[in-house]
Each structure stands twice: as C-alpha cells, then as structure tokens.
Amino acid sequence: MSGKNINITLKVWRQKNQREAGAFKEYVAKNVSTDASFLEMLDAVNEELISKGDDPIAFDHDCREGICGSCGFMINGNAHGPLKSTTVCQLHMRNFNDGDFLTLEPWRAQAFPLIKDLTVDRSALDRIIRSGGYISVNTGNAPDGNAIMIPKTAADEAFNAATCIGCGACVASCKNASAALFTSAKISHLGLLPQGAVEGEKRALNMVGQMDKEGFGACTSTGSCSASCPKDISLVNIARMNRDYMKASFSKKPETHAGDGA
Amino acid sequence: MVSFIQSTVGKKYLMGLSGLVWAGFVFGHMAGNMTILISPDLYNAYGHAIVSNKILLYGTEIALVSALVAHVILAILLTKQNRESRGTRYAAKPNGEKAASFASEWMAIHGSIVLVFIISHLVTFKYGPVYETTVNGVVMRDLARLIYEVFSNPGAVGWYLVSLVLLGFHLTHGVRSIFQSFGLLHPAYQPAIKKAGVVYSIVVAGGFISQPLFVFLTRAVAA
Ligand code: HEM
Ligand code: SF4
Ligand code: FES
C-alpha cells in the first residue's frame with residue numbers, strides 16, 4: 001500500500017518537570033507519510049526540533065508493537081487516540097486527514113505525577129501489582145502440563161484479563177482516574193486459575209487497598225476505561241473484583257497456629 | 001468491616017444499596033399513583049390505606065430517609081474523592097465510545113436536582129394543605145384535590161417534567177451501575193442489563209410524567 005503525505009498541526013503539552021508550569025505549544029508536522037505510525041511522526045517532529053537546537057518532545061515508548069504498555073498519551077481527549085483496541089504506537093497516520101489539528105496531553109491523574117511533557121510516572125500501578133499481583137509456588141522441576149485441570153472458560157477469561165499491558169489508559173480516560181479496570185484485570189487473571197485462587201481473598205483485599213492508598217478514584221461504571229483499553233479488558237472484571245473484595249472483607253479469618261486454641 | 005466501608009469498593013456497595021432502595025420505591029410509588037388516572041376517590045382510598053398501616057408507613061419512611069441520607073453523604077464523599085483523584089482536567093474532550101455517557105458523567109448534578117425535587121415534593125404534598133373528603137363513608141385526606149390544584153399550574157407541571165426526566169437519566173445509569181458495583185455483571189447478560197436499565201427508567205419516569213400531564217390536560221379541557 002503506497003501512502004500519501006499529509007500535514008498535521010499538533011498542540012502539545014510541554015512541561016520541563018513537575019516544579020515548572022507547563023503550557024501547550026504548537027508544531028506543524030509537514031509531509032507526514034500516512035504509512036508512518038503516530039510515534040514515527042513524533043520522531044520526525046523531534047528530529048527537526050533537535051536540529052534547531054530545541055528540546056525534543058518527551059514521550060514513553062519501548063516495543064512499538066502494542067505489547068509492552070510503555071506508550072500512551074491523549075490525542076484530542078481520547079486515550080491512545082481515536083481508534084479502539086489500539087495503543088498509540090500501533091496507531092497509523094492513515095487514520096488522520098490532511099490539515100488535522102491534534103491536541104496531545106499526557107495521562108492526567110493525581111496518582112500519575114508528570115515527569116516531562118507527555119511522560120508520567122506510573123509506578124503506582126507497579127505498587128498495586130507488588131501488593132498482590134503474584135502467586136506463591138514452590139520452585140523445582142516444571143510440573144506436568146495439564147496436571148492441574150482448568151476449565152476452558154476459566155482459562156479463556158483469565159487469559160483475556162492477562163492481556164492487560166499496564167499502560168494506564170484506563171486511569172487516564174476515567175473521569176475519576178480510577179484504576180479499577182487495571183486492578184481488576186490482575187485480580188481476575190490470577191484469581192480465576194487454581195494456582196492463584198489460593199491467595200484470592202488476600203489478593204483482592206491487598207490490591208484494592210493499595211489502589212485506594214495510591215489515590216485512584218472510585219469506579220462509577222462509565223465504561224470509558226474499557227472503551228479506551230488497547231486490550232479491550234471487560235468491565236466484567238471490575239464486577240468480579242468487587243465481588244471478591246466483598247467476600248474477602250466479610251470472611252477474613254485471622255491466621256492461626258496449631259495450639260492457639262484453648 | 002470499617003476498612004470495607006472506607007474502601008472505594010465498599011462505598012460503591014452502599015451507594016448501590018441505598019440507590020436500590022429508592023429505585024424500588026419510585027417504581028411502587030409511580031404504580032400506585034396511577035390510580036389518579038382512574039378516579040380521585042380511588043386515589044384517595046389508596047393513599048388512605050397506606051397511611052393507615054402504620055407499620056408499613058413508618059417502616060418505609062425510615063428505610064427511605066436513612067437510604068437517602070446515606071446515598072447523599074456517600075455521593076458527596078465519592079464525588080469529592082473522584083475530583084481529587086482526577087486532578088488536572090484535560091483541555092480536549094473525548095468523543096465516541098471513549099467518552100462517558102451524559103447520564104454517567106452528570107450523576108452528581110442530576111442527583112442533586114432530584115434531591116431538591118424530593119424535598120420540594122414532600123413540602124408540596126405530604127406537608128401541604130390538608131383537605132378532607134369522604135369515600136364510602138370514611139373520612140380521609142383529599143390529596144386528589146391538592147394534586148388537581150397544584151397541577152393546574154403549568155409552571156408546576158414543567159418543574160415536575162424536568163425533574164422526572166432527570167430522575168430517569170439518574171436511573172438509567174444507576175440501575176446498570178448497581179450490577180457492576182454489586183459484582184453481578186456477567187458477559188452473557190451485559191447488554192441485557194444495559195437495556196433493562198433503560199426500560200426501567202423509561203417506565204418509571206414515563207409513568208410519573210403521565211400523572212401531572214393527565215391532571216393538567218383534563219383540567220384544561222374541563223375548564
Ligand atoms: C429517587 C432518588 C434516587 C435514586 C433512585 C438513585 C439511584 C441511584 C443508583 C441506583 C445509583 C447507582 C449506584 C451504584 O453505582 O451502585 C446512584 C448513584 C449515584 N447517585 Fe443516586 N439516586 C437517587 C438520588 C440521588 C441524590 C439525591 C443524589 C445527590 C445528592 C444522588 C447522587 C448520586 C451519585 C453522585 C451517584 C454515584 C454515581 C456513580 O456511581 O456513577 N442520587 N443513584
Ligand atoms: S486495563 Fe487496559 S487500559 Fe488499563 S492498564 Fe491494562 S491494558 Fe492499559
Ligand atoms: S510502545 Fe510498547 S505498547 Fe506501545
């Protein structure tokens with residue numbers, strides 16, 4: 001497919017660091033090939049900025065294959081841009097028209113402090129993972145495949161939840177900056193499988209607790225998260241998280257040792 | 001238990017529970033009031049039967065008042081927390097599916113108008129002028145007369161229309177949100193739940209709206 005070339009005007013949020021105030025700045029991306037990805041278009045803009053001795057626009061990226069979760073910013077108010085089920089690195093300029101005016105803003109959330117320009121600190125999500133996004137298993141020889149039976153439907157749902165790449169678009173797109181979709185994807189991904197179910201209650205309590213502690217908002221079921229999610233993580237996971245959390249809250253038992261009882 | 005209530009998830013359970021109490025009540029209230037479309041006597045007799053059953057009356061009132069107080073307090077707490085969590089707002093608005101629906105984005109606003117409406121509605125009717133009438137030999141409050149008086153005023157009819165439409169919006173988002181808050185969402189029923197929420201809201205709001213409209217129009221025709 002041979003592309004054509006278009007001109008795009010960008011209004012980009014520029015901010016050196018958290019201490020200095022930021023502002024929008026306009027740039028014209030000229031002669032952009034419609035075969036280029038959105039990030040390649042920004043690369044070209046940055047080349048030009050560098051050649052003029054200006055500071056390039058900072059944005060996160062790594063794999064550029066839609067699998068690592070590094071990239072992401074708002075394009076005209078939409079997380080990862082106008083398309084569904086897409087990361088911004090997998091968004092191509094053929095989805096835009098000559099003369100388009102695009103506003104680029106970083107993920108905004110109290111729990112995502114700005115680092116520079118379009119990059120934010122998403123380590124709050126890592127801390128949620130650390131609070132319970134793991135399973136405890138003994139090391140040793142690999143167990144036999146299929147030694148533990150798992151219903152196909154449970155495996156499907158767990159795998160769907162496991163596709164979450166931790167990009168933070170759900171938080172960024174939510175009017176409450178809620179991390180419910182991300183947290184629930186992790187809780188479902190592990191809790192639906194027998195190896196993860198053992199610690200299911202503790203996980204729900206700890207991960208929801210950490211999510212609240214990080215200052216993410218409450219879910220109000222708007223569905224913006226799922227619509228913006230590059231992996232189409234379903235709201236059903238949030239329902240499961242709420243259910244797990246409720247059950248765990250009311251059935252929590254203290255850990256005891258033999259001989260503790262009278 | 002304390003940490004459950006302090007958590008965002010726990011607050012949403014309570015929000016949903018208190019919303020559910022009212023969502024159930026408005027349906028019953030709407031259905032019962034349909035008697036005004038049949039005859040003023042039937043309406044008065046229906047109202048009299050309810051206020052005569054003190055256990056039912058006080059039980060319902062206690063449940064409704066405590067649910068409303070809880071709902072409003074939680075609404076304030078959650079809305080405040082959510083605004084703080086959002087922090088900086090975006091310069092550009094999202095569009096299409098990535099945007100929140102009108103109903104879900106403005107819950108706190110139409111909810112607040114519904115609160116003003118509930119209070120003014122109680123002042124107008126429950127604590128309004130008491131007329132008396134006799135139906136089948138029983139002396140009772142003539143609420144039907146008050147209703148006819150109030151809804152002969154197009155301003156009052158307009159205010160009810162607007163408030164009830166907003167209640168409808170609040171319910172469309174509220175009813176489906178309950179399923180998610182309570183953890184009852186299931187892939188197979190997700191679209192059905194969304195539809196059921198809309199149908200329920202249209203039935204409740206539409207049913208309610210028919211009452212002042214009927215009174216106003218029959219009045220206007222009679223006059
Ligand atoms: C007849 C009266 C009312 C009914 C039937 C009702 C119903 C509901 C329902 C079912 C929910 C969903 C709860 C959930 O997500 O689990 C809800 C949420 C909410 N309501 Fe109400 N409500 C009423 C009055 C009010 C009032 C008076 C206010 C404000 C002062 C209010 C503000 C809110 C807010 C802010 C939410 C949370 C929005 C969200 O989570 O998306 N509501 N309501
Ligand atoms: S749930 Fe979706 S939007 Fe949220 S972090 Fe995971 S992949 Fe990104
Ligand atoms: S750069 Fe890895 S998902 Fe976009």
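1. **Ground rules.** This is a predicted model, in which local features need pLDDT of at least 70 and side-chain atom pairs count only at pLDDT 80 or more, while totals for chains, interfaces and linings use all residues. Residues are numbered from 1 along each chain as its sequence is written, chains are lettered from A and ligands numbered from 1 in the order in which they are written, and side-chain values use heavy atoms, with hydrogens and water left out.

2. **The layout of chain B.** Chain B has nine helices and two strands. Helices here are DSSP runs of H or I with at least four residues, strands are runs of E with at least two, and both are numbered from the N terminus. Follow the sequence and you get α-α-α-α-α-α-β-β-α-α-α. The C-alpha trace of chain B spans about 60 × 40 × 35 Å along its principal axes.

3. Chain B has 223 residues, and 39% of them count as buried. Buried means under 20% relative accessible area, exposed means over 50%, and partly exposed is in between (1.4 Å probe, protein chains only). As for contacts (heavy atoms within 4.5 Å), take those in chain B between residues at least 6 apart in sequence: 73% join residues at least 24 apart.

4. **The iron site.** Which protein atoms hold the iron atom of ligand 1? The protein donors are NE2 of His71(B) and NE2 of His170(B), lying 2.0 Å from the iron. Donors are N, O and S atoms within 2.8 Å of the metal (3.2 Å for Na, K and Ca); water is not among the atoms, so sites may look incomplete. His71(B) sits in helix α4 (residues 54–86) of chain B and His170(B) in helix α8 (residues 154–181) of chain B, so the pair ties together parts 99 residues apart in sequence. Both His71(B) and His170(B) are buried.

5. **The site's geometry.** The iron atom of ligand 1 has six donor atoms at angles of 87 to 180°, and its site is octahedral. Six donors count as octahedral if opposite donors are over 155 degrees apart and all others between 65 and 115.

6. **Two loop residues.** Ile38(B) is in the loop between α2 (8–33) and α3 (40–52) of chain B, and it counts as exposed because its relative accessibility is 63%. Over in chain A, Ser70(A) is in the loop between α1 (38–51) and β3 (74–75), but Ser70(A) counts as buried because its relative accessibility is 17%.

Terms used. Four donors count as tetrahedral if all angles lie between 85 and 135 degrees; four count as square planar and six as octahedral if opposite donors are over 155 degrees apart and all others between 65 and 115; anything else is irregular.
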